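Student: I've got a protein model open and I'd like to learn how to read it. Can we go through it together?

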Amino acid sequence: MTATPLPTLHGKTVIVTGAAGDLGQAIAASCLLAGAQVALLDRDADMLLRSRQSLPDADSRALALACDVADEAATRTAVEQIAAHWGGIYALVNNAAAVTPGCKVADLAPEQWRQALDVNLTGAWLMSKWAIPHMARAGAGVVLNIASQLGSVAAPGRGAYGASKAGLIALARAIAVDHAAEGIRALSLSPGAVATSRLAARYGSAQAASDALAAKYPAGRLGTAEEVAQTAVFLISEAASFITGTDIRADGGYTAI
């Protein structure tokens, strides 16, 4: 019986959007540790630079590019620059997500709805649109959309966010079906509540977030950015070569009850 290989991304080029945030930075760091060269994209140039400087082997294997994923021209330019810099693209991790307000669907302002869809969903489609041809030319590639448990179940006041994340799950399935013959896999990863600075800001502190949410999870706690990142590395690696067109939930059991 052939042993299953440990996840490795040695020599492969991976793009991570939303790379200045806690989760994006953790995914980028885990990809670097797995041997990849990583392009970090974020619209916040200052935070992106700080994020890059904290990564292992950043000088030789990390490229930071300021990019608004909702901007068609900017995304195309970034993808072409990455492909030219490293000679191709193996994986795209669509992680960028807008901060969305906590309010009822009927109370959302049109611009709040549009921002959630433009960044979270249209941004992932644009990045995929430009990256997939490079993957196809190489005969292999992976698109991983970072969705959410709220793409499958609802929570009060999170309508715009949930709709965008449900769209990411559907988009991954569509890419998997449309581009399988080109050697491309696509899937989504749906985390539960993860202990990040963004979640702490929403609840007022990390402890307040844990107090409010941990009891809702069979695991009895919130997830960590590192746990989600390690799952992402596995999913884009050859160790997950038969996984495509599906959603993987790293949610501590939240959607099981």
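Predicted model: local features only at pLDDT ≥ 70, side-chain atom pairs only at ≥ 80, totals over all residues.

Student: Let's start with helix α2. Which residues of α2 are buried, and why do they line one face?

Tutor: Helix α2 covers residues 45–53. An α-helix has 3.6 residues a turn, so residues three or four places apart point the same way. Looking down the axis of α2, the buried residues fall within an arc of 95°, so they line one face of the helix. Those buried residues are Leu48, Ser51 and Arg52.

Student: And which exposed residues sit on the face of α2 turned away from the buried side?

Tutor: Exposed means over 50% relative accessible area. On the face of α2 turned away from its buried side, the exposed residues are Asp46, Arg50 and Gln53.

Student: At the start of α2, which residue's side-chain oxygen reaches the backbone nitrogen of Asp46?

Tutor: Look at the start of α2, and find the backbone nitrogen of Asp46. A side-chain oxygen reaches to within 3.3 Å of that nitrogen, and it belongs to Asp44.

Student: On to strand β2. Is Leu40 buried or exposed?

Tutor: Leu40 is found in strand β2. Leaving aside neighbours within four places in sequence, Leu40 is in contact with residues including Val16, Ala28, Leu63 and Leu65, and also with Leu48 and Ser51. Those last two, Leu48 and Ser51, are among the buried residues of α2. The relative accessibility of Leu40 is 0%, so Leu40 counts as buried.

Student: Which residues does Ala36 touch, not counting those up to four places away in sequence?

Tutor: Ala36 lies in the loop between α1 and β2, and this residue is buried, with a relative accessible area of 0%. Its C-alpha atom is separated by 9.9 Å from that of Val233, although the two are 197 residues apart along the chain. The residues that Ala36 touches are Leu9, Lys12, Val14, Cys31 and Arg61.

Student: Which α9 residues meet α1?

Tutor: The crossing of α1 and α9 is right-handed. From α1, the residues taking part are Asp22, Leu23, Ala26, Ile27, Ser30 and Cys31. The α9 residues they meet are Ala225, Glu226, Val228, Ala229, Gln230, Ala232, Val233 and Ile236.

Student: What about α5 and α6: at what angle do they pack?

Tutor: α5 spans residues 110–138 and α6 spans residues 159–179, with their axes 8 Å apart. α5 passes α6 in a right-handed crossing. Their packing angle is about 15°.

Student: Which residues does Ser164 contact, leaving aside neighbours within four places in sequence?

Tutor: Ser164 is found in helix α6, and at 0% relative accessibility this residue counts as buried. Ser164 is one of the α6 residues that meet α5. The contacts of Ser164 are Ala116, Leu117, Asn120 and Leu121.

Student: α5 packs with α4 too. How far apart are the axes of α4 and α5?

Tutor: Helix α4 is residues 72–86, and the angle between α4 and α5 is about 30°. The two are therefore roughly parallel to each other. Among the residues in this contact are Val79 and Ala83 of α4, along with Trp130 and Ala131 of α5. The distance between the axes is 9 Å.

Student: Let's finish with two loops. Which side chain makes a polar contact of 3.2 Å with Ser152?

Tutor: Ser152 lies in the loop between β5 and α6, and it is partly exposed, with a relative accessible area of 36%. Setting aside neighbours within four places in sequence, Ser152 is in contact with Ile169, Asp247 and Arg249. The polar contact of 3.2 Å joins the side chain of Ser152 to that of Arg249.

Student: And which side chain is joined to Glu238 by a polar contact?

Tutor: Glu238 is in the loop between α9 and β7, and is partly exposed at 45% relative accessible area. Glu238 and Pro7 are 231 residues apart in sequence, yet 6.8 Å apart in space, C-alpha to C-alpha. The polar contact, at 3.5 Å, joins the side chain of Glu238 to that of Tyr90.

Definitions and conventions
Residues numbered from 1 in each chain as written. Heavy atoms only, no water. Buried < 20%, exposed > 50% of the residue type's maximum accessible area, 1.4 Å probe, protein only. Helix = DSSP H or I, 4+ residues; strand = E, 2+ residues; numbered from the N terminus. Arc of directions from axis to C-beta. Polar contact = N/O pair within 3.5 Å; in protein donor to acceptor, adjacent residues only side chain to side chain. Axes fitted to C-alpha atoms, helices over the stretch in contact; angles between N-to-C directions. Left-handed = near helix turned anticlockwise from the far one by under 90°. Contact = heavy atoms within 4.5 Å. Parallel < 35°, antiparallel > 145°, perpendicular 65-115°, else oblique.
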